[in-house]
Amino acid sequence: MQTQSINAATRPDHFFKGQNIVIIGGSSGIGLETARQAKEAGGNVFLISRSPQRLQDASEAIGGAIQIVADIANPRPTIFAGIERIDHLFITAGTARLQPLTEESETDLRQVINERLIGPLLAVRAALPILHSASSVTLTSAQLSSRPLNVGAIMAAAVSAVESLTRALAIELSPIRVNAIAPGMIDTPLLDALMGDEKRKVLEQTASNLPAKVVGRPEDIAQAALFLMSNRFITGEVLHVDGGGRWV
Ligand SMILES: NC(=O)c1ccc[n+]([C@@H]2O[C@H](COP(=O)([O-])OP(=O)(O)OC[C@H]3O[C@@H](n4cnc5c(N)ncnc54)[C@H](OP(=O)(O)O)[C@@H]3O)[C@@H](O)[C@H]2O)c1
């Protein structure tokens, strides 16, 4: 199957018409906004995440999507049963564990690796029979790969490994294209859970420190995800969408 190569600014509304776009982590934040934009561009959208209720709400919010309940930390080989072809797979599921090492149990540490590395690898492998030569896979890293914090060492290591995995899979799975997005701070429900009442203050402080002088919105990452899906000449790339946060 051939895909067109066209940049996001000139992509016509129907660009993804008839294409199947599967988003693991599609019921909230970055994944949900990507689903919305993919659907607006004509795609058939499949949402995968753990909570059936969140999936149902997300589907209603974007005017309908096929919903699949699964945990990316432990995906079954049959996770994509019933989908006959995947044109674009976006894996953005994940929680943020930002704890001091001394407060992490061994189970917590292994869970991060399952959620960020082993699970996505198993999901990609399960998708292989229904991916095709013009398909793309987009994984999710984070600014932590370049700018570790004083907490969350296992997260920093895991997302760095995602970037390495991206390059390796781009070679091993060629001609399927494999890329990753490394978001900076994006105002999504993830931050509500992480920061609670402090969120507004932290976002304002972060924005004032960033070269872009704003924090990201889900739309910024969704636009990048659709760009990686639609540009046929990009593979093995990590796209940093972080307002310049790596440099300050
Ligand atoms: N927001 C940021 O500032 C930021 C920065 C850097 C990187 N990221 C990364 O970007 C990704 C998306 O973040 P977001 O801000 O959009 O978060 P979000 O709003 O919390 O959305 C996360 C989505 O992933 C699903 N999910 C979480 N854990 C899952 C699991 N184990 N299996 C299947 N689905 C799972 C959630 O649904 P259920 O809970 O129902 O499963 C939800 O649909 C995450 O990997 C996050 O670490 C975010």
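**Figure 1. Overall dimensions of the predicted protein chain.** For 248 residues, a compact globule would have a radius of gyration near 18 Å, and the 17 Å of the protein chain agrees with this. The radius of gyration is taken over C-alpha atoms, and the globule rule is 2.2 Å times the number of residues to the power 0.38. The structure is a predicted model, in which local features need pLDDT of at least 70 and side-chain atom pairs count only at pLDDT 80 or more, whereas totals for chains, interfaces and linings use all residues. Residues are numbered from 1 along each chain as its sequence is written, and side-chain values use heavy atoms, with hydrogens and water left out. Along the principal axes, the C-alpha atoms of the protein chain fill a box of roughly 50 × 40 × 35 Å.

**Figure 2. Secondary structure and contacts of the protein chain.** Seven helices and seven strands are present in the protein chain. Helices (H or I, at least four residues) and strands (E, at least two) are DSSP runs, numbered from the N terminus. The pattern along the sequence is β-α-β-α-β-β-α-β-α-β-α-α-α-β. Among contacts (heavy atoms within 4.5 Å) between residues at least 6 apart in sequence, 72% join residues at least 24 apart.

Figure 3. Of the 248 residues, 50% count as buried. Buried means under 20% relative accessible area, exposed over 50%, and partly exposed in between (1.4 Å probe, protein chains only).

Figure 4. Strand S1 spans residues 20-24, and five of its five residues are buried. In a regular strand the side chains alternate between the two faces of the sheet. In S1, Asn-20, Val-22 and Ile-24 lie on one side and Ile-21 and Ile-23 on the other, and all of these residues are buried. S1 is joined by five bridges to strand S2 (residues 44-49), and the two strands run parallel. Two strands pair if DSSP finds at least two bridges between them. Asn-20 stands opposite Asn-44 in S2, and Ile-24 stands opposite Ile-48 in S2. Five of the six residues of S2 are buried, so S2 is largely enclosed by the rest of the structure.

Figure 5. Strand S5 (residues 136-140) is mostly covered, with five of its five residues buried. Ser-136, Thr-138 and Thr-140 are buried on one face of S5, and Val-137 and Leu-139 are buried on the other. Strand S4 (residues 88-91) runs parallel to S5, and three bridges join the two. Leu-89 stands opposite Val-137 in S5. Ser-133 is found in the loop between helix H3 (106-127) and S5. Ser-133 is partly exposed, with a relative accessible area of 44%. Although Ser-133 and Leu-173 are 40 residues apart along the chain, their C-alpha atoms are separated by 9.3 Å.

**Figure 6. The cis peptide bond at Pro-175.** Pro-175 is placed in the loop between helix H4 (153-172) and strand S6 (177-183). The peptide bond from Ser-174 to Pro-175 is cis, with omega near 10 degrees.

Figure 7. Asn-209 has its place in helix H6 (residues 199-209). Asn-209 is exposed, with a relative accessible area of 52%. The C-alpha atoms of Asn-209 and Met-185 are separated by 12 Å, and the two residues are 24 residues apart along the chain. Lys-213 is in the loop between H6 and H7. Lys-213 is not a glycine, although its phi is positive at about 60 degrees; its relative accessible area of 51% makes Lys-213 exposed. Asp-220 lies in helix H7 (residues 218-230) and is partly exposed, with a relative accessible area of 28%. A C-alpha separation of 8.6 Å is found between Asp-220 and Ile-186, which are 34 residues apart along the chain.
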